[in-house]
Amino acid sequence: MSTHSEDQIKVKRTSPRPADDPQRRAAILQAAQVRFAQDGFHRTTMRAVARQAGLAEGTLYHHFRGKDDLLLGLFSALGEQAQASLDPAALATMNLRAFLHTFLAAPLTALAQDDAALFRVIMSEALIRRDLGQAFAAGLAQTAGLGAQALAARPELRGVDTAELIRLGMALVLGFTLDGALNHAGPPDAQATASRITDALLAWVAGGRA
């Protein structure tokens with residue numbers, strides 16, 4: 001007979017061991033993304049995620065405390081995916097239009113994966129839960145900060161509020177993605193949409209100098 005109380009078991013599950021297997025962690029996140037997209041966040045269980053990943057349920061708790069932690073992990077993975085597709089050295093050699101287009105296409109592509117299924121899950125939770133909403137916003141802000149910092153060094157944008165410029169761009173990225181999700185039209189084409197947003201931002205810059 002087990003000598004562990006139910007409370008002791010819960011304590012163990014809310015204090016996972018450090019994850020030292022990036023591949024397993026990535027596999028768990030991929031499984032969570034599939035289950036969240038198919039069943040919704042609230043109906044998905046940790047057991048279902050474990051089955052999807054082909055792992056024992058207890059193994060999940062070595063990496064994630066629970067479903068909220070999985071969703072936060074997916075937030076981070078989205079940001080990392082967008083940032084990994086951006087080569088700072090290559091961006092530095094681009095003209096302003098190419099820079100903006102490339103920078104904006106990265107989050108558009110990340111959010112569009114799997115027919116924007118993860119984006120739908122994220123928005124359904126982020127809009128009603130302040131902690132998750134703030135975590136998602138923080139991830140976007142981190143990506144935006146990288147863009148604003150790079151733009152601030154460009155001589156052609158001297159006197160332009162580059163943080164505001166990127167903030168507007170990211171807002172439009174979310175807007176176009178949300179529009180596609182609400183209308184069940186699928187995610188917007190990343191390249192075409194990045195071009196449209198770039199045109200709008202360049203017009204905003206030109207208008208501010210007129």
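Is Phe-75 buried or exposed? With a relative accessible area of 8%, Phe-75 is buried (under 20% counts as buried, over 50% as exposed and anything in between as partly exposed, with a 1.4 Å probe and protein chains only). This is a predicted model, in which local features need pLDDT of at least 70 and side-chain atom pairs count only at pLDDT 80 or more, whereas totals for chains, interfaces and linings use all residues. Residues are numbered from 1 along each chain as its sequence is written, and side-chain values use heavy atoms, with hydrogens and water left out.

Searching the whole structure gives 3 aromatic pairs (ring centres of Phe, Tyr or the six-membered ring of Trp within 6.5 Å; planes under 30 degrees apart are stacked, over 60 edge-to-face, the rest tilted). One of them joins Phe-36 and Phe-41 in a tilted arrangement, 5.2 Å from centre to centre and with 55 degrees between the planes; Phe-36 is buried at 1% relative accessible area, and Phe-41 is buried at 5%.

Phe-75 and Phe-136 form a tilted pair as well, with 5.5 Å between centres and 45 degrees between planes. Since Phe-75 belongs to helix α5 (residues 67–84) and Phe-136 to helix α8 (residues 130–152), this pair ties together parts that are 61 residues apart in sequence; helices here are DSSP runs of H or I with at least four residues, numbered from the N terminus. Phe-136 is buried too, at 9% relative accessibility.

Note on methods: Helices (H or I, at least four residues) and strands (E, at least two) are DSSP runs, numbered from the N terminus.
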